[in-house]
Amino acid sequence: MFVIIICMAIVLFMPMLAKVPLAYLMHKEGKYDNRHPRSQQNRLEGLGARAKAAHDNCFEAICFFAPTVLLVLALDAHTVYTAQLCIAFVLLRLIYLICYWCNWHIARSTVWVIAMGTIVAHFVLLLK
C-alpha cells in the first residue's frame, strides 16, 4: 500500500513539476506576469504552448488516477499488481511530459493510451 500512496502523491504533485518549464518560458518572454499569468500563458507559442498543455493535462490525469486508486484502497483490493500499475502510470506520465515538451506527438498519444490502459486494468482486477 505504501507504493500506491507514494504514486498518488507523485501524481498529485506532478502539475508542479510540469509548471517548471512553463514558468521558465513565461519568464523568458520578458517577465513572469504574476498578475495575469493565464493571459500570458495563452499567448505562448511553440514549446511554451506545449508546456502549458502538458501542465493542464497533469490536472486532468489526476481525475482518472485518484478516484481509481482510492477505490482500490477503499475496497482493500490492493495487490502487487495494483502497485505495479500505479508505478507504470507514474512512469508513463513522466514520459508523457517529455514527449509533450519535445513535440513527439505520436509517441505522446501512444504513451497516453498506455497510461489510460493502466487505469482500465485496475477495474479489470477489481472485477475478478
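**Close-up views of a helical chain**

**View A. Where helix α3 meets helix α4.** Leu-47, Arg-50, Ala-51, Ala-53, Ala-54, Asn-57, Cys-58, Ala-61, Phe-65, Val-69 and Val-72 of α3 are in contact with Thr-82, Cys-86, Phe-89, Arg-93, Tyr-96, Leu-97, Tyr-100 and Trp-101 of α4, where contact means heavy atoms within 4.5 Å. Sorted by class, this contact holds 15 nonpolar, two polar and two charged residues, with Ala, Val, Leu, Ile, Met, Phe, Trp, Tyr, Cys and Pro taken as nonpolar, Asp, Glu, Lys and Arg as charged, and the others as polar. The model is a predicted one, in which local features need pLDDT of at least 70 and side-chain atom pairs count only at pLDDT 80 or more, while totals for chains, interfaces and linings use all residues. Residues are numbered from 1 along each chain as its sequence is written, and side-chain values use heavy atoms, leaving out hydrogens and water.

**View B. The angle between helix α3 and helix α4.** Helix α3, which spans residues 47–74, packs against helix α4, residues 80–102, at an angle of about 170°, and the two axes are 9 Å apart. The helices α3 and α4 are therefore roughly antiparallel to each other, a term for angles over 145 degrees.

**View D. Phe-65 and its ring partner.** When neighbours within four places in sequence are left aside, Phe-65 is in contact with Cys-7, Met-8, Val-11, Cys-86, Phe-89 and Ile-119. Both Phe-65 and Phe-89 are buried, that is, under 20% relative accessible area with a 1.4 Å probe. The structure holds two aromatic pairs, and a pair needs ring centres within 6.5 Å, with planes under 30 degrees apart called stacked and over 60 edge-to-face. The ring centres of Phe-65 and Phe-89 are 4.6 Å apart and their planes lie at 10°, so this pair is stacked. Because Phe-65 lies in helix α3 and Phe-89 in helix α4, the pair ties together parts that are 24 residues apart in sequence.

**View E. Two tyrosines within helix α4.** The rings of Tyr-96 and Tyr-100 have centres 5.5 Å apart and planes at 85°, so the pair is edge-to-face. Tyr-96 and Tyr-100 both belong to helix α4, where they are four residues apart, about one turn of the helix. Tyr-96 is buried, with a relative accessible area of 4%, and Tyr-100, at 14%, also counts as buried.

**View F. Thr-68 in helix α3.** Thr-68 is found in helix α3 and, at 3% relative accessibility, counts as buried. Not counting residues up to four places away in sequence, Thr-68 touches Ile-119, His-122 and Phe-123.

**View G. The protein chain around these details.** The protein chain has five helices and zero strands, helices being DSSP runs (H or I) of at least four residues and strands runs (E) of at least two. Of its 128 residues, 37% count as buried, and the C-alpha atoms fill a box of roughly 55 × 30 × 20 Å along the principal axes.

Key: Axes are lines fitted to C-alpha atoms, for helices over the stretch in contact, and angles run from 0 to 180 degrees between N-to-C directions. Angles under 35 degrees count as roughly parallel, over 145 as roughly antiparallel, 65 to 115 as roughly perpendicular and the rest as oblique. Rings of Phe, Tyr and Trp (its six-membered ring) pair if their centres lie within 6.5 Å; planes under 30 degrees apart count as stacked, over 60 as edge-to-face and the rest as tilted. Buried means under 20% relative accessible area, exposed over 50%, partly exposed in between (1.4 Å probe, protein chains only).
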